Amino acid sequence: MELFSIRSKKLVVIVCLLVFVLSFASCGVAEDKVVASLGKYEKREYFTSGGFQDYTDYAKYYYSSAEIVENPYLTKIQESDLATIEEYLDDFEQWIELIRQSGEGSEVVNGYDFRRAWIDTEDYIYIDSEEHTWSDGYTSLVSYDVYFYDTQTQVLYYFHNNI
């Protein structure tokens with residue numbers, strides 16, 4: 001009877017360890033739906049700064065052939081979109097400057113190389129954002145993801161900020 005009890009205990013321990021290991025295996029990084037919607041990229045450069053709640057990311061995804069036609073997220077840029085895009089880039093670049101001034105020598109500061117001159121009406125954009133209105137009536141961006149696809153170079157640029 002004692003032998004059965006030892007085997008049972010071993011089995012319980014093994015099952016618990018297996019469940020524990022499998023639970024961590026399923027906790028991988030979630031796939032980015034916008035990046036995935038374009039198909040397989042050839043190369044990725046990813047730069048980040050900050051921590052759990054307050055962070056800034058900049059990434060570039062290089063494609064040899066992106067699935068841009070009828071993409072469920074990205075829409076072709078119109079002249080009327082340019083002011084909105086500028087607003088997000090202004091905010092993002094202010095954060096890059098703030099990180100630079102903090103003296104961190106952050107990878108996102110060193111990796112940021114986007115030029116607004118690259119934006120034209122042949123390109124595509126997707127913006128997912130959240131704003132907050134403060135007690136004084138001032139509204140500011142608190143969290144956003146901006147995806148800019150440059151059709152001339154077939155590069156998807158990703159801008160993220162979360163305060």
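This is a predicted model: local features need pLDDT of at least 70, side-chain atom pairs count only at pLDDT 80 or more; totals for chains, interfaces and linings use all residues.
In strand S6, His 160 is the bridge partner of Asp 57.

The wider arrangement can be described next. The six strands form an open sheet in the order S1-S2-S6-S5-S4-S3, with antiparallel pairing. S1 and strand S3 (75–76) each have a single partner strand and stand at the edges, so one side of each is left without a neighbour in the sheet.

Strand S5 pairs on both of its sides. With S4 it runs antiparallel, and 10 bridges join the two. Within this pairing, Tyr 144 in S5 is the bridge partner of Ser 129, and Leu 141 in S5 is the bridge partner of Glu 131. With S6, S5 again runs antiparallel, here through eight bridges. Phe 159 in S6 is the bridge partner of Val 146, while Tyr 144 stands opposite Asn 161 in S6. S5 and S6 form a hairpin with four residues between the strands, and in this hairpin Gln 154 takes a positive phi near 60°. S5 is mostly covered, with 11 of its 12 residues buried.

S6 is likewise mostly covered: eight of its eight residues are buried. In a regular strand the side chains alternate between the two faces of the sheet. On one side of S6 are Val 155, Tyr 157, Phe 159 and Asn 161, and on the other are Leu 156, Tyr 158, His 160 and Asn 162; all are buried, and both faces of the strand are therefore covered.

Val 155 is found in S6. Its relative accessible area is 3%, and because buried means under 20%, Val 155 counts as buried. Leaving aside neighbours within four places in sequence, Val 155 is in contact with Lys 60, Tyr 61, Tyr 62, Phe 148, Tyr 149 and Asp 150. The C-alpha atoms of Val 155 and Lys 43 are separated by 9.7 Å, although the two residues are 112 residues apart along the chain.

H3 comprises 20 residues (residues 82–101), and at 1.5 Å a residue it should span 28 Å; its end C-alpha atoms are 28 Å apart, which agrees. The buried residues of H3 are Ile 85, Tyr 88, Leu 89, Asp 91, Phe 92, Ile 96 and Ile 99. They cover an arc of only 160° around the axis, which puts them on the same side of H3. An α-helix has 3.6 residues a turn, so residues three or four places apart point the same way. On the other side of H3, Ala 83, Gln 94 and Gln 101 are exposed. The cover over the buried residues includes strands S1 (43–50), S2 (55–62), S4 (124–133), S5 (139–150) and S6 (155–162), as well as helix H4 (107–111). Just after H3, Gly 103 takes a positive phi of about 80°.

The interior can be considered last. In soluble globular proteins, nonpolar side chains tend to be buried together. The largest nonpolar core here has 22 residues, of which Tyr 58, Tyr 112, Phe 114, Phe 148 and Phe 159 touch the most other members. At least two residues of this core come from each of H3, H4, S5 and S6. H3 gives the most, with six residues. The surroundings of Tyr 58 show how separate parts of the chain meet: not counting residues up to four places away in sequence, Tyr 58 touches Glu 45, Tyr 46, Phe 47, Phe 92, Val 108, Gly 111, Tyr 112, Asp 113, Phe 114, Tyr 157, Tyr 158 and Phe 159.

Terms used:
Residues are numbered from 1 along each chain as its sequence is written. Side-chain values use heavy atoms; hydrogens and water are left out. The expected span of a helix is 1.5 Å times one less than its number of residues. Buried means under 20% relative accessible area, exposed over 50%, partly exposed in between (1.4 Å probe, protein chains only). The arc is that of the directions from the helix axis to the C-beta atoms. Contact means heavy atoms within 4.5 Å. A nonpolar core is a set of buried Ala, Val, Leu, Ile, Met, Phe, Trp, Tyr and Cys residues joined through side-chain atoms within 4.5 Å. Two strands pair if DSSP finds at least two bridges between them.
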